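Try each task yourself before you read the solution below it.

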Amino acid sequence: MLTEEDLEGIAVAAVERAGLDPHEPQNPIELAEGLGLVVLMDRWPGMRGPAVLARVSGEHRVYLRPGLPTVTKRWAVAHETAHHLLGGGDEDMADRLAAALLAPLPAALRACRAKGPSYFDLARALGTTASAAALRWSETTGVPLALVTPVRVRVRGAPFAWPAPAAIRGLVKAVPRGLLREPLEPKRSVVRASP
Ligand SMILES: [Zn+2]
């Protein structure tokens, strides 16, 4: 089981191996290509998601569905690159590594210091959604945060006495003392420890 620290280390090492600077947010296509992957704007038979990682005639390829919005494209390539680096890995781990590849720790620290928990500004700086920016902000600062979406509850930051996910959903509606609720994209919000 890889820790958060392991994933940050894997991301920085990969960015450096690709000849890129971990103090900057990354262009994931440039990063993937720097790691020897071939990125193709093309469909793959039976592809359901925005991208697929495939091995074809000895090449590691990322097939990227044409016409995706930039932020989706960036995330999808980073996610497939994460699977490549992990030699598989589950979805949650690939998402965590993807976030660290798009904004390696030195770059994330700098952006979080500059933008603070202004998730939409941070998202613009990092080229992600506001939700992904909020998770990265929490990972970087350690401030306990829960992202609540219609389908999932994700928790980041330092250990915190969070209730069960279903109860975290309830915190969005009735925010107790000591916590803050901040809206993100439609139907998505974060609940975090207030300073
Ligand atoms: Zn995946």
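**Exercise 1. Overall build**

Task: Work out how many helices and strands the protein has, and what its radius of gyration says when set against a compact globule.

Solution: Keep in mind that this is a predicted model. Next, look at the extent: the C-alpha trace covers about 60 × 35 × 30 Å along the principal axes. Now for the radius of gyration. A compact globule of 195 residues would come out near 16 Å, and the protein has 17 Å, so the two agree.

**Exercise 2. H3 against H4**

Task: Decide whether H3 and H4 are roughly perpendicular or oblique to each other, and list who makes the contact.

Solution: Take the geometry first. The axes of H3 (residues 70-86) and H4 (residues 91-102) come within 8 Å and cross at roughly 115°. Angles of 65 to 115 degrees count as roughly perpendicular, and H3 and H4 are therefore put in that class. As for handedness, H3 and H4 cross in a right-handed way. The H3 side of the contact includes Arg 74, Trp 75, Ala 78 and His 79, while the H4 side includes Met 93, Ala 94, Asp 95 and Leu 97. Split by class, the contact of H3 with H4 gives 11 nonpolar, 3 polar and 2 charged residues.

**Exercise 3. H1 against H4**

Task: H4 has another partner in H1, so describe how H1 and H4 are oriented and what classes of residue meet there.

Solution: H1 (residues 4-17) packs on H4 at about 45°, and the axes are 9 Å apart. H1 and H4 are therefore oblique to each other. The crossing of H1 with H4 is right-handed. From H1 come Leu 7, Glu 8, Ile 10, Ala 11 and Ala 14; they meet Arg 96, Leu 97, Ala 100 and Leu 101 of H4. In terms of class, H1 with H4 makes 7 nonpolar, no polar and 2 charged.

**Exercise 4. H5 against H6**

Task: Give the angle, axis distance and handedness for H5 and H6, then name the contact residues.

Solution: H5 (residues 105-115) and H6 (residues 119-126) pack at about 145°, with 10 Å between the axes. H5 and H6 make a right-handed crossing. H5 contributes Ala 111, Cys 112 and Lys 115, and H6 contributes Asp 121, Leu 122, Ala 125 and Leu 126. The class count for H5 with H6 is 5 nonpolar, no polar and 2 charged residues.

Notes:
Residues numbered from 1 in each chain as written. Predicted model: local features only at pLDDT ≥ 70, side-chain atom pairs only at ≥ 80, totals over all residues. Axes fitted to C-alpha atoms, helices over the stretch in contact; angles between N-to-C directions. Helix = DSSP H or I, 4+ residues; strand = E, 2+ residues; numbered from the N terminus. Parallel < 35°, antiparallel > 145°, perpendicular 65-115°, else oblique. Left-handed = near helix turned anticlockwise from the far one by under 90°. Contact = placed C-beta atoms within 7 Å. Nonpolar A, V, L, I, M, F, W, Y, C, P; charged D, E, K, R; others polar. Rg over C-alpha atoms; globule rule 2.2 N^0.38 Å.
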